[in-house]
Amino acid sequence: MGGTGGDGRGRVGAVPPSKPLLPEPAKRLAAWCVVALLVTGVAGVGVWLVVRFQTAVTPVLLALLGTALLGPLYRRLVLMKVQRSLAAGLTCAAVVAVVGGAIYIIVNALIETGDQIIASLRQAASDLSRHFGAAGTSLDDLASNARGLLGKFGGTAASGVISGLSVVSEMIAIAVLALLLIFFFLRDSDRAVGALRSLAPGDAGDLVEAIGRRAFGGVEGFMRGTTFIALIDALCITVGLLILRVPGAIGLGALVFVGAYIPYLGAFISGAVAVLVALADRGFVIALWVLGVVLAVQVLEGHVLQPMIQSRTVHMHPAVVLLAITAGASLAGILGMLLAVPVTAAAFGVVRELRARYGPAGTPGRSGPAGAPDS
């Protein structure tokens, strides 16, 4: 009995185990919230710095896009035993020749057909005003003041970048600086991996290298694929407009090529302009044919070109693309719209690399020693 009493006193005097303050699911949720807040804060500071130093950051971003687009040509020259500096110089010279020629053709076509396109839009707005009343009248006013609106928009965009310099001078300075950066990025690309690994803390060199390769691979694939698709779209639509004898076909094709770098939104705007021009100068039937050509090209792009050309790059849902374009436009205007999608492609590449290494279905080192994009 004494033993039993002793056991009873031992049980009474024992301290009961303390219960956790939060259940395990709540702890995991809190941890993820902290991580999300930290990532959002770092991303917000990064975006603020980019917008704050937009003048200095813009050439760097353009140079990175140019390096991603021109990397295959440079590597081909290096494989042909061309010295690295000479290969980078030849690549930049080829860029100047091709881009300069393309800009000359596009600007010349827009100058020659710009008045005709604006007159056609004004006529289309007048026709709409007769059918839709007040709404058409506002469109007519917009078309009549198109030149003034474009001038005001250009002045507003330029005033926030470099005060006292013209838009042309600023664009030339940015282009020259971006070209020089492309030369150095191409020539010293073999040192980039070593620089990344040296900046990585501890044993994180492999991870940093893999993330960098994955991000750059996403941008590289996007730039190559978008350029090729833009060229095909512009050629197809230009041939269709020439066959239908729509005025300003070359200028409208140039507009399609430039607009293709802004996914979805650029194609919609350039296609709408082409249809309105055809409606004003060639009538309702030809406008329907132009609409059919534009829709056929978009179907070709969405169901054939995109799966074939960009099947190896980072895929993004159209809603994500539109949100990225909207955010880029609110932060940096037209330049932000152009840069939003490649930056998002790089971010998706980083996420894919992290998921491949640390995701539930993945194991460390799953993506290979160099962390190269999926083949």
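Student: What share of the contacts in the protein with a separation of 6 or more comes from residues 24 or more positions apart?
Tutor: Those residues account for 68% of such contacts, where a contact means heavy atoms within 4.5 Å. The model is predicted: local features need pLDDT of at least 70, side-chain atom pairs count only at pLDDT 80 or more, and totals for chains, interfaces and linings use all residues. Residues are numbered from 1 along each chain as its sequence is written, and side-chain values use heavy atoms, with hydrogens and water left out.

Student: How many helices and strands make up the secondary structure of the protein?
Tutor: There are 13 helices and 0 strands. Both are DSSP runs numbered from the N terminus, helices being H or I with at least four residues and strands E with at least two.

Student: What span is expected of helix α3, and what does it reach?
Tutor: Helix α3 covers residues 54-79, which is 26 residues.

Student: Where does α3 bend?
Tutor: The bend is at Leu70 and amounts to about 50 degrees. It is the angle between axes fitted to the seven residues ending there and the seven starting there. After α3 comes Lys81, with a positive phi near 70 degrees.

Student: Why is Glu220 called buried?
Tutor: Buried means under 20% relative accessible area, exposed over 50%, and partly exposed in between (1.4 Å probe, protein chains only). Glu220 has 12%, so Glu220 counts as buried. Arg75, at 41%, counts as partly exposed. Across the 375 residues of the protein, 33% are buried. In α3 the buried residues include Leu70, Gly71 and Tyr74.

Student: What makes the contact of Glu220 and Arg75 a salt bridge?
Tutor: A salt bridge needs a side-chain nitrogen of Lys or Arg within 4 Å of a carboxyl oxygen of Asp or Glu. For Glu220 and Arg75 the N to O distance is 2.9 Å, so the pair meets the definition. Glu220 lies in helix α9 (residues 205-243) and Arg75 in helix α3, so the pair ties together parts 145 residues apart in sequence.

Student: Which residues are linked with Glu220 in a network of salt bridges?
Tutor: Arg75 and Arg224 are linked with Glu220. The side chains of Arg224 and Glu220 meet at 3.6 Å, N to O. These two are 4 residues apart in α9, about one helical turn. Arg224 is partly exposed at 40% relative accessibility.

Student: How many salt bridges does a search of the whole structure find?
Tutor: The search finds 6. One of them joins Arg187 and Asp188, with the closest N and O atoms 3.2 Å apart. Arg187 has a relative accessible area of 26% and is partly exposed.

Student: How do you know that Asp233 has no salt bridge?
Tutor: The nearest side chain of opposite charge, Arg224, is 17 Å away, with Lys and Arg counted as positive, Asp and Glu as negative, and His and the chain ends not counted. Asp233 lies in α9 and is buried. Leaving aside residues up to four places away in sequence, Asp233 touches Val256, Val297, Glu301 and Leu305.

Student: Why is the pair of Phe183 and Phe184 called edge-to-face?
Tutor: Rings of Phe, Tyr and Trp (its six-membered ring) pair if their centres lie within 6.5 Å; planes under 30 degrees apart are stacked, over 60 edge-to-face and the rest tilted. The structure holds 1 aromatic pair. In that pair, Phe183 and Phe184 lie 5.3 Å centre to centre with 75 degrees between the planes, so the pair is edge-to-face. Phe184 is partly exposed at 38%.

Notes:
Expected span 1.5 Å × (residues − 1).
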